[in-house]
Amino acid sequence: KAARFISFLEDVVPIKVKSSKKLIGTDDKSNVSNFKYTNLVEICPLCKDDLLFLPKKLARNLGNISRCVLVKNISNVIHLVDPLTGQTATMNPESFWRDPIRPIITAARSRFTRYVVLGKEPAVLQQNASKKTATKRQKNKLALVTLAKEDDLGANDVQFQETSFVGYLCKSGDVVTGYDMTEAQLVDDDAEEIRAAGNLPDVILLRKLYGGVATGEANAAKMRAFQLQRLDVEGAESMKARVSKKDKDADDMDEEDFLREVEADREMRKNMN
C-alpha cells in the first residue's frame, strides 16, 4: 500500500523519496528474514500562483525565461509562466530538488490585492534573440492594462499600467487580483535589489474575478453555475469537539479560494466532472 501511494504521489506532485529498512528478525533454519521498511516523502512546497525569483543559471536553462515568474500549476512537474510576456517553461523535479527555490511571495489570500481595470491596449513585445520566442497564441493573450486599487477609487488618482498575460480576459470595469509589488515584502535579497533598481513591475496580475465575487455580493457563492460536492468523511468524535468556529471559518475561506481558482482557470475546469 505504501508503494502504491508513493507511486500515486509521483504522478501528481514533485516529490523526493528516501527509503530505509531495518532488520526485525531472522530465521536461520528457513532462511527467512523480516524487515521494517520506512519511506520518507517530501512534497514540493510550491503552490499555484506563488511568485518565484529564479537563479540566473536556472532561468537560462529554462529557455532564458525571466527570473521573476509565477507558478502556473503543479503536476508531476512545475509549470512556470512569465507574467509580463506569457512565456512558459517547465521545471522537472530533479532541477527543483537540486537547489530548492523559496517563493518571494506566497499565494496567500492576505497577499492578494484587488484592482479595477480602467482600460487596456494591445501589447507589443520587443524581440530578444536570446529568449525563446513566444508563440502566436501567447502573444494574443498579452495586453497593456491600466489599473487602480479598488480601495483607492475615489480617494486618490494613483494608477498603474502593466503588461499582463491575463490581459486578454480583461475589459474596463472588471475586477482582478494581483500582487502589489510596491509594498510587498520580498524574502530574496537579489529580488530586493532588482526592485530597488526599478526592474520589477509595480503590479503582477493573477486572475480575473467573476460574478458576485467581483461585485462583492453577499450571496456570491449561491449565484455560481456549479456546486462543489464533498465526500462523506467520518471524523472521530474527539476531533469534532475540537473544531472551533475559527477553524470552520478558515476551511470555508479555503474552499471559497479554490472555487475562485476554478472559475478563472479553464484548464482546471476541463479536468473536473
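A salt bridge, as I use the term today, is a side-chain nitrogen of Lys or Arg within 4 Å of a carboxyl oxygen of Asp or Glu. The structure before you is a predicted model, and under this criterion the count is nine salt bridges.

Let me begin with lysine 149, which sits in strand S8, residues 143–149. Its side chain pairs with that of glutamate 183 in a salt bridge of 3.6 Å, N to O. Glutamate 183 belongs to the loop between strand S10 (175–180) and H5, so the pair ties together parts that are 34 residues apart in sequence.

I turn now to helix H5, residues 189–196. Aspartate 188 caps its N-terminal end, with a side-chain oxygen 2.8 Å from the backbone nitrogen of aspartate 190. Within H5, arginine 195 and glutamate 192 lie three residues apart, about one turn of the helix. These two residues form a salt bridge, their closest N and O atoms being 2.9 Å apart. After H5 comes glycine 198, which has a positive phi, near 80 degrees.

Finally, the surface. Lys56, Lys57, Arg60 and Arg98 gather there in a patch of positive charge. Helix H2, residues 56–61, supplies the largest share of this patch, three residues. Among them, lysine 57 lies in H2 and is exposed, with a relative accessible area of 59%.

Definitions and conventions:
Residues are numbered from 1 along each chain as its sequence is written. This is a predicted model: local features need pLDDT of at least 70, side-chain atom pairs count only at pLDDT 80 or more; totals for chains, interfaces and linings use all residues. Side-chain values use heavy atoms; hydrogens and water are left out. Patches are made of residues with over 30% relative accessible area and no salt bridge: like charges are joined within 9 Å, nonpolar side chains (Val, Leu, Ile, Met, Phe, Trp, Tyr) within 5 Å. Accessible areas come from the Shrake-Rupley method with a 1.4 Å probe; for residues, only the protein chains shown count as cover. Lys and Arg count as positive and Asp and Glu as negative; His and the chain ends are not counted. The place of a charge is taken as NZ of Lys, CZ of Arg, CG of Asp or CD of Glu. Helices (H or I, at least four residues) and strands (E, at least two) are DSSP runs, numbered from the N terminus. Buried means under 20% relative accessible area, exposed over 50%, partly exposed in between (1.4 Å probe, protein chains only). A polar contact is a pair of N or O atoms within 3.5 Å; within protein, one must be able to donate a hydrogen and the other to accept it, and residues adjacent in sequence count only if both atoms are side-chain atoms.
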